[in-house]
Amino acid sequence: MSSLAFPCRSSPLTPASTSVTPPVPASPCINIRRSRRTANRHFHRLAASTRNSPRTVAMAATAAAAPVISPKENLPPILTSTSEPPPLFDGTTRLYVAYHCPYAQRAWIARNYKGLQDTIKIVAIDLADRPAWYKEKVYPGNKVPSLEHNNQVKGESLDLVKYIESNFQGPALLPDDSEKKQFADELLVYTDEFSKAAYSSITSKGDVSDETVAALDKIEAALGKFTDGPFFLGQFSLVDIAYAPFIERFQIFFSGIKNYDITKGRPNLQKFVEEVNKIDAYTQTKLDPQFLLEQTKKRLGIE
């Protein structure tokens with residue numbers, strides 16, 4: 001996925017933090033197909049016209065800690081401009097993330113779901129004070145996530161989820177069913193457009209827009225296409241990984257900023273939220289909701 005709506009690249013759905021301390025545990029036909037190139041061009045024009053880009057809003061600046069709810073592992077400290085690099089390209093596989101970034105969260109969830117905590121090491125980057133060596137020696141794109149593997153570094157969140165699925169052992173993230181695979185491709189193409197449509201209402205002063213409602217209704221319909229489970233393809237898959245970090249944030253922000261419940265009248269979306277929160281691989285990457293809301297309000301200048 002491109003840098004589109006949430007620059008982790010800086011945006012309201014991910015606090016762009018940070019001289020922060022490391023996270024610590026806290027107690028019916030759906031027309032989705034659209035070219036990614038077209039969607040990206042459209043949104044970049046929109047983002048350029050607003051003071052707070054979606055990624056900027058998604059990563060609201062903060063000097064506070066970014067508390068992960070239940071990491072279930074000893075997460076490393078966040079590396080800043082004064083931090084030394086790890087021993088790069090020494091054969092260790094490393095996933096570079098920012099703990100608050102929904103794009104990085106995708107690859108982090110995939111890594112956890114496949115049980116690769118001992119195989120893929122987390123390296124946390126401070127996006128507001130990122131080390132020069134990250135761009136110079138690791139990933140010229142200077143974004144997260146990126147994956148150091150087999151003496152190469154790859155980026156872009158959806159590409160990394162697919163790469164982790166194809167190159168590492170663990171539970172499958174895609175079904176064998178050809179119809180489901182085709183629908184997965186359509187849904188992955190739609191992720192940017194969905195984020196753009198939802199984001200447009202967060203920074204507006206008016207009510208939730210018709211565009212946002214239509215996008216949420218499209219997600220509701222997509223979640224109802226297969227009836228053999230509560231997820232987009234029935235069973236949990238990389239499609240759920242692609243959407244969960246953003247649905248998580250949109251639910252928090254629409255409730256706290258717009259007094260709008262994105263699940264009201266959308267039983268499939270409500271069930272999705274309930275069921276995805278039973279998956280440890282996902283909950284181990286979640287931030288405290290109040291932290292996300294407070295930092296987003298601060299970024300948007302909302303009291």
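Reader: What makes Tyr96 count as buried in this predicted model?

Author: Tyr96 has 0% relative accessibility. Buried means under 20%, so Tyr96 counts as buried.

Reader: And why is Tyr134 put in a class, buried or exposed?

Author: The value for Tyr134 is 1% relative accessibility. The cut-off for buried is under 20%, so Tyr134 counts as buried.

Reader: What are the centre distance and plane angle of the rings of Tyr96 and Tyr134, and why is the pair called tilted?

Author: The ring centres are 5.4 Å apart and the planes stand at 50°. Rings pair if their centres lie within 6.5 Å; planes under 30 degrees apart count as stacked, over 60 as edge-to-face and the rest as tilted. The angle of 50° belongs to the rest, so the pair is tilted.

Reader: Which parts does this pair tie together?

Author: Tyr96 lies in strand S2 (residues 93–97) and Tyr134 in helix H4 (residues 132–138). The pair therefore ties together parts that are 38 residues apart in sequence.

Reader: Why is the pair of Phe231 and Phe236 called edge-to-face?

Author: Their ring centres are 5.5 Å apart, with the planes at 80°. Over 60 degrees counts as edge-to-face, so that is the name for this pair. Phe231 and Phe236 are both buried.

Reader: Which residues join Phe231 and Phe236 in a cluster of ring pairs?

Author: The cluster also includes Tyr113, Tyr190, Phe194, Phe232, Tyr243, Phe250, Phe254, Tyr260 and Phe272. The model has 15 aromatic pairs by this rule.

Reader: Where do Tyr243 and Phe272 stand in the largest nonpolar core?

Author: That core has 81 residues, and Tyr243 and Phe272 are those with the most contacts inside it. Its largest share, twelve residues, comes from helix H8 (residues 238–258). Leaving out residues up to four places away in sequence, Tyr243 touches Leu187, Tyr190, Thr191, Phe194, Ile219 and Phe232.

Reader: How do you know that the charged end of Lys180 sits over a ring, and which ring is it?

Author: The ring is that of Phe226, and the charged end of Lys180 is 5.3 Å from its centre. The distance limit is within 6 Å, and the charge must also be within 35 degrees of the ring normal. Lys225 is likewise placed over the ring of Phe183, 5.1 Å from its centre.

Reader: What makes helix H3 mostly covered?

Author: Eleven of the twelve residues of H3 are buried, among them Trp108 and Ile109. H3 (residues 102–113) reaches 16 Å from its first C-alpha to its last, close to the 16 Å expected.

Definitions and conventions. Residues numbered from 1 in each chain as written. Predicted model: local features only at pLDDT ≥ 70, side-chain atom pairs only at ≥ 80, totals over all residues. Heavy atoms only, no water. Core = buried A, V, L, I, M, F, W, Y, C linked by side-chain atoms within 4.5 Å. Buried < 20%, exposed > 50% of the residue type's maximum accessible area, 1.4 Å probe, protein only. Helix = DSSP H or I, 4+ residues; strand = E, 2+ residues; numbered from the N terminus. Contact = heavy atoms within 4.5 Å. Phe/Tyr/Trp six-rings, centres within 6.5 Å; stacked < 30°, edge-to-face > 60°. Expected span 1.5 Å × (residues − 1).
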